[in-house]
Amino acid sequence: MNFTIDATDGAARAATLQTAHSTIRTPIFMPVGTSAAVKALDTVDMREHLDTQILLANTYHLYLRPGDETVAAMGKLHGFTGYDRSFLTDSGGFQAFSLSDISRADDGGILFRSHIDGSKHYFTPAKVLDIQYNLGSDIMMILDDLVALPATKERLALSIDRTTRWAAESIAYHRSRQEHGVGIDQNIFAIIQGGTDEAFRKISAESLCAMDFDGFAIGGLSVGEANEAMYDTVAFTTPLMPEGKPRYLMGVGTPEDLVENIERGIDMFDCVMPTRNARNGTLFTSFGKINIKSARYKKDADPIDPACGCYTCRRYSRAYLCHLYRARELTYFRLATLHNLHYYLSLVSDAREAIVNGAFREFKADFYRKRDGF
């Protein structure tokens, strides 16, 4: 993996990330394809209509179904899906958090029951990487111990201790496997924890960034804390991260979250919000959100966003999307998802252009001005 910073504007960065499968211009938003598919879309949509360079798939879900060995036998993620650009795979730590009623972390890893059939499984730092070697992702996230906020200092300290020890195990295991020809083209990212406590974030960042990881993520945010606390934590943490390696903010978030955290030095984002909201009738536009199921759109001939050039907006009206949603036609899910992802990808692309031109402050002001006028 090669990572080059092309321009900066304040703390905001425009960079180029080169993996074995694609060239990624940052800041970048990664659509979430949990089970090796972005819901309602296919590979043609991702390549030709959205021109995505990287997707996120999930280790936990693919391990359970269809099984990582099945994916490996079918040509790993790239061969299995037909998507020949980059994949990032999450480690399963978030699923342990979100499915906490059927999982339990201990010092060795995470024990959980399958949400599909109730069977027991145990994820260790090495096990998680072995699964991801089978998946063949370009970027692998290591196992971390994620906690909900607010959390006690004792629980945060335990999270940091476990995450640091698991990170040391992970990097040692990965480098040893590479010496035996496994995971040669795969990169490994560590995940900084610590809640919104600056002292804990500093301990976690300094411990992890001293290790030989290819990139670093900020985890454990957007899990119950106020937005300003999240922004302050990112602003505090990014200067502690290596300047010459990618910075990834996991599971965040709204368009406003993207703009605010690009300003604070983040390069990579993922979130289910654009795809999930599309399916539920909420569409993102340059002037804010609209609820397409509202009766006000039943006879509206305008596109979702007159300023948008996506596949959907170039062909269909709000009235048609409103009808499809109300009729529960499956076509709605594809058209709405294409629009929302196009909006997110265009937003980060425009932010990159502004950074390169030294005009990020103006870009941010214009972003909020359009919303205030809606």
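The accessible surface of the protein comes to about 15,300 Å² (Shrake-Rupley method, 1.4 Å probe). Carbon and sulfur atoms hold 49% of that surface. This is a predicted model: local features need pLDDT of at least 70, side-chain atom pairs count only at pLDDT 80 or more, and totals for chains, interfaces and linings use all residues. Residues are numbered from 1 along each chain as its sequence is written, and side-chain values use heavy atoms, with hydrogens and water left out.

**Overall build**

- The protein has 14 helices and 16 strands. Both are DSSP runs numbered from the N terminus: helices are H or I with at least four residues, strands are E with at least two.
- The radius of gyration, taken over C-alpha atoms, is 20 Å, close to the 21 Å that the globule rule gives for 374 residues, so the protein is as compact as a globular protein of that length. The globule rule is 2.2 Å times the number of residues to the power 0.38.
- The C-alpha trace spans about 60 × 45 × 40 Å along its principal axes.
- Of the 374 residues, 56% count as buried. Buried means under 20% relative accessible area, exposed means over 50%, and partly exposed lies in between (1.4 Å probe, protein chains only).
- Among contacts with a separation of 6 or more, 67% join residues 24 or more positions apart. Contact means heavy atoms within 4.5 Å.

**Charge**

- There are 41 positive and 47 negative side chains. Lys and Arg count as positive, Asp and Glu as negative; His and the chain ends are not counted.
- The centres of the two sets lie 6 Å apart. Each charge is placed at NZ of Lys, CZ of Arg, CG of Asp or CD of Glu.

**Nonpolar cores**

- In soluble globular proteins, nonpolar side chains tend to be buried together.
- A nonpolar core here is a set of buried Ala, Val, Leu, Ile, Met, Phe, Trp, Tyr and Cys residues joined through side-chain atoms within 4.5 Å.
- The largest core has 90 residues, and Phe-213, Ile-292 and Tyr-332 touch the most other members.
- Helix α13 (residues 330-356) gives the most to this core, with 14 residues.
- Another core, of 18 residues, lies apart from the largest one. Its members include Ile-54, Leu-88, Ile-191 and Met-250.
- Leaving aside neighbours within four places in sequence, Ile-292 is in contact with Gly-281, Leu-283, Tyr-297, Arg-318, Leu-321, Cys-322, Tyr-325 and Tyr-332.

**Helix α12**

- Helix α12 covers residues 318-327, and its buried residues are Arg-318, Ala-319, Leu-321, Cys-322, Leu-324 and Tyr-325.
- These buried residues pack against α11 (273-279) and α13.
- Just after α12, Arg-328 takes a positive phi of about 55°.

**Selected buried residues**

- Thr-59 sits in helix α2 (residues 59-64). Thr-59 is buried, with a relative accessible area of 0%.
- Not counting residues up to four places away in sequence, Thr-59 touches Thr-89, Asp-90, Ser-91, Val-128, Ile-131, Gln-132 and Leu-135.
- Ile-171 belongs to helix α7 (residues 153-179) and counts as buried at 10% relative accessibility.
- Ile-171 touches Ile-188, Met-211, Asp-212 and Phe-213, not counting residues up to four places away in sequence.
- Ile-171 and Ile-191 are 20 residues apart along the chain, and their C-alpha atoms are separated by 12 Å.
- Ile-290 is part of strand β16 (residues 288-291). Ile-290 is buried at 3% relative accessibility.
- Ile-290 and Ile-304 are 14 residues apart in sequence and 8.4 Å apart in space, C-alpha to C-alpha.

**Backbone features in loops**

- The peptide bond from Thr-26 to Pro-27 is cis, with omega near 5°. Pro-27 lies in the loop between β3 (23-26) and β4 (28-30).
- Val-252 and Gly-253 are also joined by a cis peptide bond, with omega about 0°. Gly-253 lies in the loop between β13 (247-249) and α10 (255-263).
- Ala-36 is not a glycine, yet has a positive phi of about 70°. Ala-36 lies in the loop between β4 and α1 (43-49) and is buried, with a relative accessible area of 17%.
- Ala-40 is placed in the loop between β4 and α1. Phi of Ala-40 is positive, near 80°. Ala-40 is partly exposed, with a relative accessible area of 38%.
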